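User: Please take one part of this structure and go through it closely. Then connect it to other parts of the chain, in plain terms.

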Amino acid sequence: MKSKLIYTIGLVALALVGCKKIPEGNLSDIIRYETLPIEIQMGRSTVSTAINPAGSSKPIEVKLLKVYQKETGKDVTDIFLQTFPIKIWKKLYDSKVDTTLDLIAAKQKDTVMTALSINKFSGAIEATPNTLKLPKGNYVFDLEIKNAVGTRTYPAIGEFSLVEAPYFDVPAVRSTVAMKVGAETTTKSIPSNASHIKVTYLGLGENKVVVKIVDKNGLPFNPKKGEIARRPNSGTAGGFLQTMQDYSISTTLFDDRMEFVYGVLPFPLVSLGNGFNYYYRIPAPYVKFDDSLDLPYNTYSCNARFSFQAFVPGTYQVEVIVPQVTRVN
């Protein structure tokens, strides 16, 4: 009888506990970034990986509270709260449709915003090209995170490093191939390396890339007179391999160079195939190969390939040097 009474009292106690309202959800004390420090390349648009909510109930809302110099602990929040002019997209960019500067401008608007911010929903660090205007260095930051459960402050939860980065990239090594006229599968590779492309950032101003293709003595081939042409696709498919013209808003030919105006960054934004390589041909009549190559004059075209991608607005000069070749005019 006594045991039945104890059992009954236990059931009643459990029932009472079951009737008590227990708060739903969780705001974890181990929310974290999986990679620290997060590296931010200055001048480039960047989005880091999201914060790990560690089982916290979603949605969460994230707010940047403070930023400190890692080495000194100095509060530099004010620097990171500065805003700068920038163009943002108000409609989706389509490279096949938005083929003029006016069409691109119609999809953008001018605004001001911080160069670096925390995405309020994911906690990811979002950086714009205006990070060039911030001091490089190592930083620690505090966050405020809230959800339906409550609000908590997470001191020194994240670290990031602002590091200098090249304004441009040359993703692939230069290459040069001689191709026999009328028998394109008969080829000879001409050794080329990183020294056979020179890229110079000429500064802010018009957004364009100036390309010069020069012989071993530095003499430029003349695009305006047909000394530089597009390289045909191999086989019988027809068409041409990609050139910088395929990515640019406009192309202008001069006696010593080609100029390509671009509208978006990075430029190019998305590869059309074969990475960010550009394929050009110098027709056989305009090239004399070194005797050591044993390629008789006017029997082989010279095919120069180079790669390039820009990340910062402004004008770039790309000089493509073709080794063991002399211009004939």
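Analyst: N274 lies in the loop between β17 and β18 (277-282); strands (E, at least two residues) and helices (H or I, at least four) are DSSP runs numbered from the N terminus. This is a predicted model, in which local features need pLDDT of at least 70 and side-chain atom pairs count only at pLDDT 80 or more, while totals for chains, interfaces and linings use all residues. Residues are numbered from 1 along each chain as its sequence is written, and side-chain values use heavy atoms, with hydrogens and water left out.

The phi of N274 is near 60°, a positive value in a residue other than glycine. Most residues other than glycine have a negative phi. N274 counts as partly exposed because its relative accessibility is 48%; buried means under 20% relative accessible area, exposed over 50%, and partly exposed in between, with a 1.4 Å probe and protein chains only. D294 also has a positive phi, about 55°, although it is not a glycine. D294 sits in the loop between β19 (287-289) and β20 (300-307), and its relative accessible area of 61% is why D294 counts as exposed.

β17 spans residues 258-261 and is joined to β16 by 4 bridges, the two running antiparallel; strands pair if DSSP finds at least two bridges between them. The link between β16 and β17 is a hairpin through 4 residues. Within this pairing, T252 stands opposite E259. β17 also pairs with β14 (residues 208-214), again in the antiparallel sense and over 4 bridges. There the bridge partner of E259 is V210.

In a regular strand the side chains alternate between the two faces of the sheet. On β17 both faces are covered: M258 and F260 on one side and E259 and V261 on the other are all buried.

The sheet that holds β17 is open and has 5 strands, in the order β13-β22-β14-β17-β16, with mixed pairing. Its edge strands, each pairing on one side only, are β13 (197-203) and β16 (250-253). On average, neighbouring strands of this sheet are turned by 20° against each other, direction ignored; axes are lines fitted to C-alpha atoms, for helices over the stretch in contact, and angles run from 0 to 180 degrees between N-to-C directions.

Other strands pair elsewhere in the chain. β8 (residues 137-146) and β9 pair in the antiparallel sense over 9 bridges, and a hairpin of 4 residues joins them. Y139 has F160 of β9 as its bridge partner. β9 (residues 151-163) is also joined to β1 (residues 38-41), in parallel, by 4 bridges, and E39 has S161 of β9 as its partner. In the loop between α1 (2-19) and β1 lies P37, which is joined to L36 by a cis peptide bond with omega about -5°. A cis bond also runs from K58 to P59, with omega near 5°, and P59 lies in the loop between β2 and β3 (61-69).

Now the open space. The largest pocket holds about 1200 Å³. On a 1 Å grid over the protein atoms alone, a pocket is an open set of points where a 1.4 Å probe fits, with protein on both sides within 12 Å along at least five of seven lines; lining residues have an atom within 4 Å of a point. Grid points are joined across faces, edges and corners, and the volume is the space filled by probe spheres set on the points. The lining has 38 residues, of which I86, K87, P129, L265 and P313 lie nearest the centre. β4 gives the largest share of that lining, 5 residues.

The second largest pocket has a volume of about 370 Å³. Its lining has 18 residues, and those nearest its centre are Y93, S95, K96, D246 and Y247.
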